[in-house]
Amino acid sequence: MLVILNDNNMSISEAVGGLTKMLGRATASRTLNALREGGKKILGDKRHSPPARFVKRWEEQWKGMFVPSTAFEQMGFHYTGPIDGHDLPLLLTTLRRLKDAKGPQLLHIMTTKGKGYEPAEGDQIGYHAVGPFDPSKGLPTKNAPKKPTYTDVFGDWLCDAAAAEPLLMGITPAMREGSGLVRFSKEYPARYFDVAIAEQHAVTLAAGMATQGAKPVVAIYSTFLQRAYDQLVHDVATQNLDVLFAIDRAGVVGPDGATHAGNLDLSYLRCVPNMVVMAPGDEAECRQMLTTGLRYNGPAAVRYPRGTGPGVAAGNDLSTLEIGKAQLRRSGSRIALLAFGATLPAAEQVGRELDLSVVNMRFIKPLDQAMLLELTRTHEGFVTIEDNVVAGGAGSGVSELLNAEAVVMPVLHLGLPDSYQHHASREDLLSEAGIDAAGIRAAILKRWPELQDTAVPVSAAS
């Protein structure tokens with residue numbers, strides 16, 4: 001087995017932790033670098049000088065005195081390196097040699113993130129993930145966004161909440177920029193913890209803090225929280241600890257693809273005892289839910305999508321919501337649309353077009369049982385709408401409630417498919433899944449075609 005350690009001092013942001021410090025001390029040795037540069041001047045280019053090639057091989061072995069290779073060898077690996085990962089002849093020669101070596105091998109190579117493209121070398125964080133651009137000119141000028149993203153709302157809330165709550169701690173598994181913690185890391189450095197790409201550690205660290213009376217907030221992508229599910233269950237929920245999970249990139253994420261899709265969190269969170277699970281329908285509600293979760297005595301999660309919302313000003317207060325209370329947004333006839341989170345704007349549009357009731361559910365767990373049971377007495381059917389897989393999601397919770405209360409009525413569940421969607425824009429993926437306004441309308445009319453007779457023309461309803 002060969003393990004290659006690609007050491008470029010970066011992950012998404014600057015690398016953190018004990019391992020990177022250990023490697024940094026090794027490769028930053030003044031003595032080693034001075035000997036290397038002096039040898040180049042005396043012996044010339046290793047590609048054309050046999051003595052230079054010999055010294056280069058000797059250098060790899062001699063570096064063992066400076067590199068803490070013992071740490072890797074104690075794990076059972078034979079350590080080689082560090083070598084220049086951009087020196088292809090050397091890299092290929094080393095790989096060929098190690099290919100036939102017996103036992104576990106670890107090759108330590110040094111590289112530069114963005115190597116070969118000057119703008120990327122100069123801004124390794126900004127060029128970690130980019131959209132289409134002209135490589136001859138670099139990134140296009142970014143226009144100021146018309147409205148803040150949900151990530152922006154979270155970042156501003158975190159700083160405001162930290163000012164009001166001295167025990168608040170911010171934790172991220174190497175997602176400072178992506179999760180909106182840049183400002184917080186600068187304004188509250190002593191309360192900011194980047195644990196590197198170690199989601200399990202992030203959650204257990206939060207649990208430990210909570211046992212000591214702190215108010216930890218774990219800022220994490222939905223797809224990456226899956227890696228820490230065991231810790232969420234056993235370290236946080238089992239002990240009913242006061243930890244808030246701010247879950248970004250929930251639902252479809254668009255061009256990032258299936259690996260980053262947050263399609264499963266409602267399903268895997270709502271089954272965990274002691275959890276409160278919320279999904280905002282707009283930016284202001286997102287801020288209120290975050291405050292609600294922070295002040296709730298136990299584990300809570302607020303999941304919100306990538307990008308912008310409908311454009312509701314978030315404000316700057318720290319008001320809360322009543323836990324488990326939904327909001328009736330529109331009173332209509334016959335069918336009630338139960339919208340969870342980011343699907344609310346599309347549901348409201350369809351509600352206007354078909355004259356249906358629309359409920360902003362807000363809470364996936366606990367559900368507003370009183371409102372749902374009241375709606376069963378005044379409506380013929382429910383339509384649940386969520387940007388989560390249908391299997392085990394929020395809609396399943398509604399059906400479970402109806403079954404428990406012996407209520408028999410048709411329920412149409414709309415959500416993401418039982419498959420991994422391809423790369424596309426968020427809008428295209430929602431349309432493909434049938435949970436944009438057009439898809440919701442079509443699904444409802446297929447189940448209840450008689451509603452077509454009273455439907456308002458789309459242009460008029462909009």
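Start in the loop between strand E7 (244-248) and helix H12 (265-270) and select Arg249. Helices (H or I, at least four residues) and strands (E, at least two) are DSSP runs, numbered from the N terminus. This is a predicted model, where local features need pLDDT of at least 70, side-chain atom pairs count only at pLDDT 80 or more, and totals for chains, interfaces and linings use all residues. Residues are numbered from 1 along each chain as its sequence is written, and side-chain values use heavy atoms, with hydrogens and water left out.

**Backbone stops**

Stay on Arg249. Its phi is positive, about 55°, although the residue is not a glycine. Arg249 is buried, at a relative accessible area of 13%. Here buried means under 20% relative accessible area, exposed over 50%, and partly exposed in between (1.4 Å probe, protein chains only).

Next, select Asn274, in the loop between H12 and strand E8 (276-278). Asn274 is another residue other than glycine with a positive phi, near 75°. Asn274 is partly exposed, with a relative accessible area of 35%.

Now select Lys365 and Pro366. The peptide bond between them is cis, with omega near 0°. Pro366 sits in the loop between strand E13 (363-365) and helix H15 (369-376).

Then go to Gly81 and Pro82. The bond from Gly81 to Pro82 is also cis, with omega near -5°.

**The three-stranded sheet**

Show E1, E2 and E3 together. They form an open sheet in the order E1-E3-E2, with parallel pairing. Two strands pair if DSSP finds at least two bridges between them. Strand E1 (2-7) and strand E2 (78-84) are at the edges, each with a single partner strand, so one side of each has no neighbour in the sheet. From one strand to the next, the twist averages 20°.

Zoom in on E1 and strand E3 (residues 105-110). Six bridges join them in the parallel sense. Ile4 is opposite Leu107 in E3. Asn6 has Ile109 of E3 as its bridge partner.

Move to the other side of E3. E2 and E3 run parallel and are joined by five bridges. Here Asp84 stands opposite Met110 of E3.

Colour E3 by accessibility. Five of its six residues are buried, so the strand is largely enclosed by the rest of the structure.

What makes a right-handed β-α-β unit here? E2, H5 and E3 do. A crossover is right-handed if, with the strands pointing away from the viewer, the path from the first strand over the helix to the second runs clockwise.

**The aromatic cluster**

Select Tyr150, Phe154, Trp157 and Tyr304. Ring pairs link these four into a cluster. Rings of Phe, Tyr and Trp (its six-membered ring) pair if their centres lie within 6.5 Å; planes under 30 degrees apart count as stacked, over 60 as edge-to-face and the rest as tilted. By this rule there are seven aromatic pairs. In one of them, the ring centres of Tyr150 and Tyr304 are 6.3 Å apart and the planes meet at 25°, so the pair is stacked. This pair links distant parts of the chain, 154 residues apart: Tyr150 is in helix H7 (residues 150-164), and Tyr304 is in the loop between strand E9 (300-303) and strand E10 (327-330). Both Tyr150 and Tyr304 are buried.

Stay in the loop between E9 and E10 and select Ala313. Buried or exposed? Ala313 is exposed, with a relative accessible area of 67%. Ala313 and Pro148 are 165 residues apart in sequence, yet 8.8 Å apart in space, C-alpha to C-alpha.

**Helix H13**

Select Glu285 in helix H13 (residues 283-295). Glu285 is buried, at a relative accessible area of 2%. Contact means heavy atoms within 4.5 Å. Leaving out residues up to four places away in sequence, Glu285 touches Ala279, Pro280, Leu321, Gln327, Asn360 and Arg362.

Gln288 is also in H13. Gln288 is partly exposed, with a relative accessible area of 22%. With residues up to four places away in sequence again not counted, Gln288 touches Ser319, Thr320 and Leu321.

Conventions:
Axes fitted to C-alpha atoms, helices over the stretch in contact; angles between N-to-C directions.
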